[in-house]
Amino acid sequence: MAVSEHTASEQVVAARERYVARGVATTPLVVARAEGARLWDADGREYIDFAGGLGCQNTGHGFAAAAIHEQADRYLQQCFMVGIYEPYIEVCRLLDETWPGDTETKSLLLNSGAEAVENAVKIARVATGRTAVIAFDHAFHGRTNLTMALTSKVVPYKRGFGPLAPEVYRSPAPYPYRGVSSDDAIRGLELLLKQDVAPESVACVVLEPVQGEGGFIVMPEDFPRRVKELCEAHGILYVDDEVQSGVGRAGPVWAIEHYGVEPDLLVSGKSLGGGLPLAGVTGRAELMDAVPPGGLGGTFGGNPVACAAAIAVLEEVRRPAFRARAEEIGATIRSRVDGFGVSGEVRGLGPMLALELGEPTPELASSVTAAARERGLILLSCGIYGNVIRVLVPLSIADDELGRGLDLLEEALGDAGAA
Ligand SMILES: Cc1ncc(COP(=O)(O)O)c(C=O)c1O
């Protein structure tokens, strides 16, 4: 039998092309194993991971493995609606304990960030008796019908997928690097409420404290508070989408803690399940209880194994030492990237950091991520223009791995002609 001329990775990529829909965009990386902040491909090549399964590994690859194994041996899927089980309740209790405010909360567990955002809107609609929803420029809230309407990027997320869900309104969001200030955005929101939708029709606004897919755009220090004040003046609920910025990614458990604003509803996901699909909606108890029994739920939401992982994750990220280390990692990344001399902006909140390249086109950022992969670093781009290099490194990374990853990033920027 002839020995294949193709590497193990190339063979998997060929099978992927044959059997998997092309609409799922992929890179040539074929993962065989991962641990902490490192992973290995199907050919045994080692990489430093600055992507963390797209922000799902804040505590590091394998962190929750023991909790997962233990729960897997005890029982698997039950469906919380058929038989209640303690890990689900314990996750909700920890979400209450880590709530960024004083209010008594309740939670609902789901499978994905998009599903959780949809449920937050459902809850807000029932609780207020209103239908309209306000989302912001550069927002990403998911790919389901309602959440793609909330998402603010036509290609690839919306084009051809309509009709989109109705009663979604878009307000400007601050983007200081591209000339939009907090004042501009607040003025835009006030105008929206005069020109397009009556405030008394609006159930909620949905806002990411750091816009993730939109380009790691950090909301200015005053913006969430001013939005919240406007909401309070009109009986509109404030939904804080922490799917990407939460679970320790920006330092504290929730990025909104940087702003001192207490949301009405908070949406979590990604790293919550330590690598298993889990998302949540947490909110003021009376809002969460506005929906009658049967109105919320789903077959797999809050699967016991995902909940066991989430208990371990939440216990970890709430530790002051985790936050201190996360902020130390953030400071190290920022000082190194600041020194690369790249034309553009380095920005972020704690360790949720990114580098926006000056030119608002995707080509250079794509060359950087490709060059990084060649050198052994997994890196992601994002942004409305596709020109932002973001860091979603596991926050368990050791100093020497972080240093090596940043060396590779600097080299990749050089390879691509960005520095
Ligand atoms: C802020 C935010 N909300 C919602 C989502 C959707 O989450 P999921 O992909 O789990 O549906 C994402 C995913 O990137 C996100 O970043």
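Predicted model: local features only at pLDDT ≥ 70, side-chain atom pairs only at ≥ 80, totals over all residues.
The backbone of His138 has a phi near 65 degrees, which is a positive value in a residue other than glycine. Most residues other than glycine have a negative phi, and most peptide bonds are trans.

The peptide bond that joins Val155 to Pro156 is cis, with an omega of about 10 degrees. Pro163 likewise has its place in the loop between α6 and β6, and the bond leading from Gly162 to Pro163 is cis with omega near 5 degrees.

The surroundings of the ligand were examined next. The residues around the ligand are Ser112, Gly113, Ala114, Phe140, His141, Gly142, Glu208, Glu213, Asp241, Val243, Gln244 and Lys270. When this shell is divided by class, three of its residues are nonpolar, five are polar and four are charged. Several polar contacts could be assigned to individual residues of the shell. A polar backbone atom of Gly113 is 2.8 Å from an oxygen atom of the ligand, and a backbone N or O atom of Ala114 likewise lies 2.8 Å from a ligand oxygen atom. Of the 390 Å² of accessible area that the ligand has on its own, the protein covers 83%.

Helix packing was considered last. Two packed helices are described by the angle between their axes and the distance between the axes. Helix α4 (residues 86-97) packs against helix α10 (residues 304-317) at an angle of about 30 degrees, and their axes are 8 Å apart. Because angles under 35 degrees count as roughly parallel, α4 and α10 are described as roughly parallel to each other, and the crossing in which α4 passes α10 is left-handed.

For helix α11 (residues 320-338) and helix α13 (residues 399-415), the packing angle is about 30 degrees and the axes are 11 Å apart. This angle makes α11 roughly parallel to α13, and α11 passes α13 in a right-handed crossing. Helix α7 (residues 182-195) and helix α8 (residues 223-234) pack at an angle of about 20 degrees, with a distance of 10 Å between their axes. It follows that α7 and α8 are also roughly parallel to each other, while the crossing of α7 past α8 is right-handed.

Definitions and conventions
Residues numbered from 1 in each chain as written. Heavy atoms only, no water. Near = heavy atom within 4 Å. Polar contact = N/O pair within 3.5 Å; in protein donor to acceptor, adjacent residues only side chain to side chain. Areas by Shrake-Rupley, 256 points an atom, 1.4 Å probe, with all protein chains shown as cover. Nonpolar A, V, L, I, M, F, W, Y, C, P; charged D, E, K, R; others polar. Axes fitted to C-alpha atoms, helices over the stretch in contact; angles between N-to-C directions. Helix = DSSP H or I, 4+ residues; strand = E, 2+ residues; numbered from the N terminus. Parallel < 35°, antiparallel > 145°, perpendicular 65-115°, else oblique. Left-handed = near helix turned anticlockwise from the far one by under 90°.
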